[in-house]
Amino acid sequence: MKSKQDYLSSHKKWVPQIKGGKYRKWYGNFDYVVNWENDGYEIRNCSGCRLNAMGNDDLFFIEGLTWSHTTSNVFGARYLPLGFLFNVEAPTYFIKEDNEYYVLGFLNSCVAQLYLNVNSTMHYLVGNIMALPLMYSNKYKNDIDCLVAENIDICKIDWDNFEMSWDFKEHPFVKWSKELWDATSIGATMMHYYNEHIEVCCPLELCYMLWQGECNDRFNKLKANEEELNRIFIGIYGLQEELTPEVIDKDVTVYSANLQDDMKSFISYLVGIIMGRYSLDYEGIAYAGGEWDDSRYKSYIPDDDGIVPIYPFVGMEIGLTAQICNLVKQIFGEDCYRTNMEYIAQALGKKNTESAEETLNRYLNNDFYTDHLKHYKKCPIYWMMSSGSEGGFKCLIYMHRYNEDTLARTNTMYYLPDSTRLKNELDETLVALTTASGKDKIALEKKRQILAARYNEALEYGQILDYMANKYISIDLDDGVKVNYEKFQNIEITTDNGTKVRKDLLIPLK
């Protein structure tokens, strides 16, 4: 087990920092890192830094209890493991004695909330918490410690099911697909469950149902434990006349399955497999910089350069849509491909006029990157190269596989063939227009306008891409996403005819 000294002597540039976050109890909200190079020189010397003024260096990186400074009148405390810096938005309480779990159980009880409500506020500081009247009961300490430890474990498992967690291993749908088809672990009960639903379920739907059941079990167990803690503390404080132990559902802070959200997170995970970030054969992050290890990829070989084009239509084998479809076949079986794709499409909001593949392609073109920016808090690991709103050229690159040749390869292997194809299609449409009439001519003219807009947009973008490709720009992963991302934004060039063109090579981080 790591100690505080391990973190102080690690010489890592980036270290975790807590900053409050949404209402959550027991464990989680670990979303941020800060530059701690040279003992935090940069942030200690920035305007408004309070690290030095606090005089709390001896408390950095040690265990404690934390909570979100700003709340909506409902208090929720969380266990803080070793290795974190704290922040004014996440006040932190350090307990020397072996009473951490006991105090955490009390803070998340209805008894503590009763006392906090006396001075109702949206801001809970350390002083507010220290003023609470803590009554210690040796009789119930073991019961409380066991319940709190279980609650922390439940909420850690819940937190780690999502790729934003540093301890994320694999997507639940993939985990359940492995268990579903493993005859040694599936068990008679699960096989019976599958047989009962086989007429109405595709394998992916069954995996979702099993995931939904897993979420429900966590929710129910956590709620029951919290109500038991309430009973214990109500008894300790003699407040049976004032309080009841019941916990309302909205205050149980573990995830409840949501088909659309879970399907989007599954697609994100599949993108990660295609890029080599994840592997069907390796738990956790298979590659995030450093030395590439081929041995981690057996079942599925990732994209060879971490550059995947996204087309405005389906059918291109190297496109992201096609590669995701191939992964769906591999994970859940080719025989069930059609029903699985329909299930994915329905979850994404399939239109009556679309095929399942077209629905997926529309999501990848229009909404995937917005979701990615949201989940990664505007620090994306997949970078979207886009010529603009017309969709003349678009591709995704994996930041951790970027090198000085990435832009040149994008230009040669993807942009130039795509722009040539687009020009040929536009020329063919113009030829067809010369002999068309009636409704056919109207449809062709509409197509021509769309293609012309895409092509003109792509041509302008191509000049920026070519200019940047010839610069062989390098990035340093230790500088973080935003510093590196900015190198590819707001590029201005002067064309051969003297016209100035200014464009972003990557979609802006709005």
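This is a predicted model: local features need pLDDT of at least 70, side-chain atom pairs count only at pLDDT 80 or more; totals for chains, interfaces and linings use all residues.
Leaving out residues up to four places away in sequence, F488 touches W383, Y402, L407, M468, I473, I475, D504, L505 and L506, where a contact means heavy atoms within 4.5 Å. F488 also belongs to the largest nonpolar core, a group of 90 residues in which I324, W383, L396 and F488 touch the most other members. Such a core is a set of buried Ala, Val, Leu, Ile, Met, Phe, Trp, Tyr and Cys residues joined through side-chain atoms within 4.5 Å; buried stands for under 20% relative accessible area, exposed for over 50% and partly exposed for values in between, with a 1.4 Å probe and protein chains only. A second, separate core has 52 residues, including A77, V103, I129 and Y237.

Residues are numbered from 1 along each chain as its sequence is written, and side-chain values use heavy atoms, with hydrogens and water left out. The average pLDDT of the protein chain is 89, and 89% of the residues score at least 70; pLDDT is the predictor's confidence in each residue, from 0 to 100. Residues 183–192 have a pLDDT below 50, and this stretch has eight contacts in the model beyond near neighbours in sequence.

Turning to the chain as a whole, the secondary structure comes to 18 helices and 10 strands, taken as DSSP runs (helices H or I, at least four residues; strands E, at least two) and numbered from the N terminus. Of its 510 residues, 49% count as buried. Among contacts with a separation of 6 or more, 67% come from residues 24 or more positions apart.

Strand 7 and strand 8 (residues 394–398) pair in the antiparallel sense over five bridges, pairing being assigned if DSSP finds at least two bridges between two strands. Within this pair, S386 stands opposite K394 in strand 8.

With a relative accessible area of 11%, K394 is buried. Residues up to four places away in sequence aside, K394 touches P309, I310, N365, M384, M385 and S386. K394 and L506 are 112 residues apart along the chain, and their C-alpha atoms are separated by 9.5 Å.

T410 lies in helix 16 (residues 406–433) and counts as buried because its relative accessibility is 0%. Apart from neighbours within four places in sequence, T410 is in contact with I307, M385, F393, C395, Y415 and L465.

Helix 13 (residues 337–348) has 12 residues and reaches 17 Å from its first C-alpha to its last, close to the 16 Å expected at 1.5 Å a residue; the expected span is 1.5 Å times one less than the number of residues. Y337, N340, M341, Y343, I344, A345, A347 and L348 are buried in this helix. The buried residues of helix 13 pack against helix 10 (203–237), helix 11 (259–275), helix 12 (320–332) and helix 14 (356–366). Just after helix 13, G349 takes a positive phi of about 90°.
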